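Subject: Handover of a structure, with notes

Dear colleague,

I am passing on the structure below, together with my notes on what I found in it. Please read the notes with the model open beside you.

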Amino acid sequence: MKMKNGSMVCEISVASDAVYVSYVPCVYQNDTICYAVKRFFARCGKLCRECTFESWQNRVGKRKKKNCRFCYLIPALLMELPGEWVRVTGVIDERGAEVQKIEIFPNYPLPLAA
């Protein structure tokens, strides 16, 4: 799925070896969860701007390090998924944003250890 911000475009994808973790009863298949996450990223203005800009910087060589990791905690209702919160982690490179892990929580999760 493509994300577009002005003249900058990048892809949002889910890694083939992505990890799906649900701490709530979830009847959705992994491809449905994957589609919900990609659609949310493509439609959310702030995430779309951040991801396309980071990807563009990687493409044109404006950064010293090539990959930028991200971790977003989003209310599950906005993605139309079960539970209360969804944590999405991944990496942004010159091709775009690649989601590597999707976690669905029944309540607000503890922060990730650094």
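The notes below go from the whole chain to the sheet, then to the core and to a few single residues.

Please keep in mind throughout that this is a predicted model. The secondary structure of the protein chain consists of 3 helices and 5 strands, and from the N terminus on these elements follow one another as β-β-α-α-β-α-β-β. With a radius of gyration of 14 Å, close to the 13 Å that the globule rule gives for 114 residues, the protein chain is as compact as a globular protein of that length. The C-alpha trace spans about 45 × 30 × 25 Å along its principal axes, and 40% of the 114 residues count as buried. The protein chain exposes about 7,000 Å², of which carbon and sulfur atoms supply 53%.

The sheet

The 5 strands form an open sheet of mixed pairing, in the order β1-β2-β5-β4-β3. At its edges stand β1 (2-5) and β3, each of which has a single partner strand, so one side of each is left without a neighbour in the sheet. From one strand to the next, the twist averages 30°. On the β1 side, β1 and β2 pair in the antiparallel sense over 4 bridges, and within this pairing Met-3 stands opposite Cys-10 in β2. Helix α1 packs on the sheet, where it touches β1, β2, β3, β4 and β5, and the direction of α1 makes about 145° with that of β2.

Strand β4 is joined to β3 by 8 bridges, the two running antiparallel, and in this pairing Ile-74 has Val-86 of β4 as its bridge partner. Strand β4 is likewise joined to β5 by 8 bridges, again in an antiparallel arrangement, with Thr-89 standing opposite Lys-101 in β5. A hairpin through 3 residues connects β4 to β5. Because 7 of its 8 residues are buried, β4 is largely enclosed by the rest of the structure.

In soluble globular proteins, nonpolar side chains tend to be buried together. Here the largest nonpolar core has 30 residues, and those with the most contacts inside it are Met-3, Phe-41, Phe-70, Met-79, Val-86, Val-88 and Val-99. Two or more residues of this core come from each of β2 (8-22), α1 (30-43), α2 (45-60), β3 (68-75), α3 (76-79), β4 (85-92) and β5, and the largest share, 6 residues, is that of α1. Val-88 shows how such a position is surrounded: not counting residues up to four places away in sequence, Val-88 touches Val-37, Phe-41, Phe-70, Cys-71, Tyr-72, Met-79, Val-99 and Lys-101.

Single residues to look at

Ile-104 is found in strand β5 (residues 96-105), and with a relative accessible area of 2% it is buried. Leaving aside neighbours within four places in sequence, the contacts of Ile-104 include Val-21, Tyr-23, Ile-33, Pro-82 and Trp-85. The C-alpha atoms of Ile-104 and Tyr-20 are separated by 8.3 Å, although these residues are 84 residues apart along the chain.

Ile-92 lies in strand β4 and, at 2% relative accessibility, also counts as buried. Apart from neighbours within four places in sequence, Ile-92 is in contact with residues including Cys-51, Ser-55, Cys-68, Phe-70 and Ala-97.

Thr-52 has its place in helix α2 and is buried, with a relative accessible area of 0%. Beyond neighbours within four places in sequence, Thr-52 is in contact with Met-3, Lys-4, Asn-5, Met-8 and Cys-10.

Glu-80, by contrast, is exposed, with a relative accessible area of 66%. Glu-80 sits in the loop between α3 and β4, and has a positive phi of about 60° although it is not a glycine.

With best wishes

How values were computed:
Residues numbered from 1 in each chain as written. Predicted model: local features only at pLDDT ≥ 70, side-chain atom pairs only at ≥ 80, totals over all residues. Heavy atoms only, no water. Buried < 20%, exposed > 50% of the residue type's maximum accessible area, 1.4 Å probe, protein only. Contact = heavy atoms within 4.5 Å. Core = buried A, V, L, I, M, F, W, Y, C linked by side-chain atoms within 4.5 Å. Pairing = 2+ DSSP bridges. Axes fitted to C-alpha atoms, helices over the stretch in contact; angles between N-to-C directions. Rg over C-alpha atoms; globule rule 2.2 N^0.38 Å. Areas by Shrake-Rupley, 256 points an atom, 1.4 Å probe, with all protein chains shown as cover.
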